[in-house]
Amino acid sequence: MTSFYWPDFTLILPEMILVFSALLILMEGAFLKQVSFRHSVHCGTLALGLSLGLCLFQFETGQTWVTFEGQIKQDDFIFFAKILVLAGATATLSMSLPSMIKENLSRVEYPPLVLFATLGMLLMVEANDFLILFIGLEMQGLSLYVLAALHREHLRVSEAALKYFILGAFATGLFLYGISLIYGFSGATNFEVIASVIRTESINALPLGLFVGLVFVMAALAFKVSAVPFHMWTPDVYEGCPTPITAFIGGVPKVAAMVVFLRLLLSPFILLYGEWYSLIIFLSMASMVVGAFAALRQTNLKRLLGYSAIGQMGYVLMGVAAGNSEGAQAVFVYLTLYLVMFIGTFACLLSLKGKTPEGVQDIEDLKGIATLHPKLSFILAVFMFSLAGIPPLGGFFAKLYVFKAAIAAELFWLAIVGVLTSVVAAYYYLKIVKAMYFDDLPETPAPSHGQLLVLSAEITVVLNICAAIILLFFMFPNVVLEMAQRAAFALRI
Amino acid sequence: MINIAPILFYVFSGVLLSASLMVVTARNTVHGVLFLIVAFFNAAALFLLAHAEFIAMILVVVYVGAVAVLFLFVVMMLNLEGGEMHRGIKGYTFMGVLIGGVLLVELLLMGLSWYTAPEAFDLTTAPTSGLKITNTQALGNLLYTHYALGFQGAGLILLIAMIGAIVLTLRHREGVRKQNIRDQQERQVRESLRLIDIPSGSGV
């Protein structure tokens, strides 16, 4: 402990870019008399894009680096996760500009908070030590609570934010308690040291406290990915928050938390597979069932997407339950495509007005818009079909790989539940398509019904990229598949 | 000569325990906070007995000096009545006791079968062993050298908390008069004082 090596700062260059640009934007907002919101959002997007470029540059080396005395690790698994997080954050921040202005949320603090949340997620996925993992988790959590409460004048927003905050704080407590139990057994917070301590003991002699600690950590992470029974906050937060902020809260953080979930279970705790896999199977099944059935009666579009997200996370957990590198690969493919579908769907919602001029709220708001905006409706329909898992769209392949991994690991029941619930879930995805294509325009529509919000260039770009990925995935699946394979290989299970 | 350290330990921990008990049972919340301060002082003394001077000092400076005094202000400002806090708690007694009981049994089950991996003893030994440095220095080494990343990260979290507090509470209200010191000091006599000639007998 006494010898000191200068840490390798080049490995955390993307993170440092985020920190310094967030601070710079804050300083600008504090000291310059006139700062346009547009300018600071653009700066934030630029910073995210820059660190995304750096991560892409560092990817595909097949090497593993450890720095900061083993607290930070970089390998292909982590680079892939970082690329997903940064790409998602860049897309969400850039497309949020027009509707943030429309909803009177043009505050200079918004882009720095998004940057800090992204930084927290990066720290989460690259942490090789429970201490850094906890700091990353809190950093993103705290920024997200503030983002959720940004619209403080509205009662529903305050309710959603408070719920999110209190349940999140509770999850934090569970997480810390879990870590302390694991530390109490192994005397270490570093993942590799914990793994080696577990390896030297015989599995049967491991104390109950270690499992309890692991279960607490899993419960906290299940809260972050909104797996049933820790999902209560999701529909409320999705519905209550302004749409651009929902697009951020519901998309990237779940991917980051899921990656951490996968990494923790498959890397230091893989020897306890026999203990945790039944829990993951339960989380996965319950999420799929609740996600499918609870969404059937929703009329609010964002609430429906919240339940849909719960169900989708159930499918991802199926890949985790497989507990091998095939499962890890399937998880990565699923997460990539899910992020694309999610961001694409929200880009569609962000470009339309509904009953209120701020944006679409209910399924009714989409009635008959196919005649008004054929292209936009087509793209939204593509995302809905893809979320439902209809071939040959990307979402189908995402589900296919997860089912394949589950069947290869002989989790037949899980796969059967997955197939059945995806049939049920298809109903409500198709309900949205029906509203757009087969329902007539309402006889006395609200004045803003079916009108476009100001479409920014960023939204158009994001929409087109997302639609292209989903539509063309079946032609070039190897791009994502190989990246996911490389990432799963870095786990060395 | 008798060793007084064990006696001191029992005195301090006895006072600590009874003060903590008073914190949760005191009817008057202000008394509760004052007992909390007593508990902090005794915990600091226990740390001193364990040769952890730095933590003892920090406990007094941070917890007694800042946190407890802040609590005291909050409690005094809110003017909480003893009875009001406990109203409606009766309905939850059964569930509370049930959940607490289940958790207690779980903790006992866990604690009774507890064992620590033999490697853990080496991993958790204090890094100062064999080195002749004070524990302030040792903690500084840990915080600013070995765990510098975590330290900076914690700093950023505090910054986020500050931004959050400002974002969620700051309101720009119209018509609020703010003091502008520069304007005040640059004021000239002729800007503020006007001499008017009023002919006598005409009134203002």
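## Nonpolar patch on chain B

Helix α1 (residues 5-25) of chain B supplies the largest share of the nonpolar patch, 4 residues; helices here are DSSP runs (H or I, at least four residues), numbered from the N terminus. The patch covers about 560 Å² and is made by I2(B), I4(B), I7(B), L8(B), V11(B), V15(B) and V38(B). Areas follow the Shrake-Rupley method with a 1.4 Å probe.

V15(B) lies in helix α1 of chain B and is partly exposed at 33% relative accessibility; buried means under 20%, exposed over 50%, and partly exposed in between.

## Basis of the model

This is a predicted model, in which local features need pLDDT of at least 70 and side-chain atom pairs pLDDT 80 or more, while totals for chains, interfaces and linings use all residues. Residues are numbered from 1 along each chain, chains are lettered from A and ligands numbered from 1 in the order written, and side-chain values use heavy atoms without hydrogens or water.

## Backbone geometry in chain A

Most residues other than glycine have a negative phi, and most peptide bonds are trans. F68(A), not a glycine, has a positive phi of about 55 degrees and is buried, with a relative accessible area of 9%. E410(A) likewise has a positive phi, about 60 degrees, but is exposed at 60%.

A cis peptide bond joins V228(A) and P229(A), with omega about 5 degrees. Another cis bond links P391(A) and P392(A).

Conventions:
Patches are made of residues with over 30% relative accessible area and no salt bridge: like charges are joined within 9 Å, nonpolar side chains (Val, Leu, Ile, Met, Phe, Trp, Tyr) within 5 Å. A salt bridge is a side-chain nitrogen of Lys or Arg within 4 Å of a carboxyl oxygen of Asp or Glu. Helices (H or I, at least four residues) and strands (E, at least two) are DSSP runs, numbered from the N terminus. Buried means under 20% relative accessible area, exposed over 50%, partly exposed in between (1.4 Å probe, protein chains only).
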